[in-house]
Amino acid sequence: MTAPSADAAAPLPSSVDVAIIGGGVIGVSTAYALAQAGVRVVLFEKASLACEQSSRNWGWVRTLTRDLPEVPLALRANQLWGDIQARVDVGFRRTGMLYLQENDADAAGHQAWIDNARVYGIDARQLDRRAALALVPDSNRPWTGAMYSPTDGVAEPQFAVQGIASLAREAGALILERCAVRGVERAAGRVSAVITERGRVATQAVLVAAGAWSRLFCGNLGADFPQLKVRGSVMRTLPFDAGLTTAINGKDFTCRKRADGGYTVSQFGASMADLVPDSFRLLPHFIRPWLANNTLVRLRFGKRFFQELAMPRHFAADRVSPFERHRVLDPLPSRRGVEQAWQRLSDAFPVFRNAKIAQSWAGYIDVTPDAMPVMDAVPGLPGLYLASGFSGHGFGIGPAAGEAMARLIQGHASSVDLKPFRFGRYTE
Ligand SMILES: Cc1cc2nc3c(=O)[nH]c(=O)nc-3n(C[C@H](O)[C@H](O)[C@H](O)COP(=O)(O)OP(=O)(O)OC[C@H]3O[C@@H](n4cnc5c(N)ncnc54)[C@H](O)[C@@H]3O)c2cc1C
């Protein structure tokens, strides 16, 4: 975690145009876009910037295999990451990205995605075996080809959000760390203020970009946002040269070169969901997607059930809130998950047997039933907006999601169709 910035001790403003809850990539990108437009904006982060998902992810900035409604956001985000990198180092590089194939069925699946996404102007193509092996030499696996995007890439989660925050501050945003928002005040039916652990700030518009906490926050205001948490585990190596610079999805492992010279390694199947009271409350929403993906996410019953059971779902703004009692979600990584990913990567690319493992960690991914975010005004609560539920792929599209939310909050038309991300889609 980084030390709180000078803004952390700044006095609270008495009023702003927009208050943002959450200092992950979504909140900070929205603050940046709003400040650039001259809007008076304050962002509240309960601990330190990017302390949860936004610093713990793999760092992929990808278009490949996205759900189609997210593709325009991914393309716009790729441009924005480039613009941001030109101003501050966020570790963004267009390294290219490869989804390796082992058989005709893999190739057919990738071709179907390319055919469907082509209409958006994606930069993706199929590589035959020879072209794929030119990008990943010295592999033990009989790859048959790959889907490739030369312009997809990576940014560095360890410092990207801090970089965007520095631009937001320069543009005039106030960013307050270690300042949890407890609730929202309403007058005449619409948002009139946020109540933080340090006091009240009057505002007409509040964006909830609270990651895995968004369901709890919205629930306290009477809005039922179907969101659960899935634990993803990751590891990194010390700097070494494996001769691989392209980010790789090898089906049962993933790996990408880091700016510090090491590699970030994980696998899609290393995710685990704790059974918690919300798992049962939200069963009607999640049972079908879980049955369709039950090889990717394992379920576990343990102490997390009782921890969440003990957490109040309704709380008053004049008391210490759950957001202060649990400053940072910091789950332990799955040893089995990271060891498996490491084993599979080293089997496929023996050069990794020489690498030294530096660290492993985990993060709670906030997921929705259709694995797409909600980016919308919250129905029935005028002045309240939600951008959350990015379901394991919000880092890459973060800058574009922030831009789109800033436009929505200002009442401007978005260049990206936000209808697929509306709040009400789960109950329609
Ligand atoms: C292991 C792992 C791998 C991933 N890999 C990728 C990847 O390669 N590419 C990709 O695109 N995405 C990836 N993701 C997903 C991506 O990290 C998330 O979608 C994205 O970071 C979500 O950003 P966010 O701002 O919505 O949430 P977060 O980053 O979780 O930020 C929410 C913030 O809100 C704060 N907060 C909550 N409640 C309050 C409150 N009441 N008051 C004040 N602050 C509050 C929290 O402290 C937190 O800092 C991965 C995620 C994980 C965990």
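This is a predicted model: local features need pLDDT of at least 70, side-chain atom pairs count only at pLDDT 80 or more; totals for chains, interfaces and linings use all residues.
## Strand E1

Strand E1 covers residues 18–21. Its side chains point in two directions. Val 18 and Ile 20 point one way. Ala 19 and Ile 21 point the other way. Is this strand buried or exposed? Val 18, Ala 19, Ile 20 and Ile 21 are all buried.

## Partners of E1

Which strands pair with E1? One is E2, residues 41–44. Four bridges join E1 to E2, and the two strands run parallel.

Another partner is E12, residues 205–208. Four bridges link E1 to E12, and these strands also run parallel. Here Ile 20 has Leu 207 of E12 as its bridge partner.

## From E1 to E2 through H1

Helix H1 spans residues 25–36. Together, E1, H1 and E2 form a β-α-β unit. What is the handedness of this unit? The unit is right-handed.

## H1 against H6

H1 also packs on helix H6, residues 160–170. Their axes lie 8 Å apart, at an angle of about 20°. Angles under 35 degrees count as roughly parallel, so H1 and H6 are roughly parallel to each other. The crossing of H1 past H6 is left-handed.

Which residues meet between these helices? H1 brings Val 25, Val 28, Ser 29, Ala 31, Tyr 32 and Ala 35. H6 brings Val 161, Ile 164, Ala 165, Leu 167 and Ala 168.

Key:
Residues are numbered from 1 along each chain as its sequence is written. Side-chain values use heavy atoms; hydrogens and water are left out. Buried means under 20% relative accessible area, exposed over 50%, partly exposed in between (1.4 Å probe, protein chains only). Two strands pair if DSSP finds at least two bridges between them. A crossover is right-handed if, with the strands pointing away from the viewer, the path from the first strand over the helix to the second runs clockwise. Axes are lines fitted to C-alpha atoms, for helices over the stretch in contact, and angles run from 0 to 180 degrees between N-to-C directions. Angles under 35 degrees count as roughly parallel, over 145 as roughly antiparallel, 65 to 115 as roughly perpendicular and the rest as oblique. A crossing is left-handed if the near helix is turned anticlockwise from the far one by less than a right angle, and right-handed if clockwise. Contact means heavy atoms within 4.5 Å.
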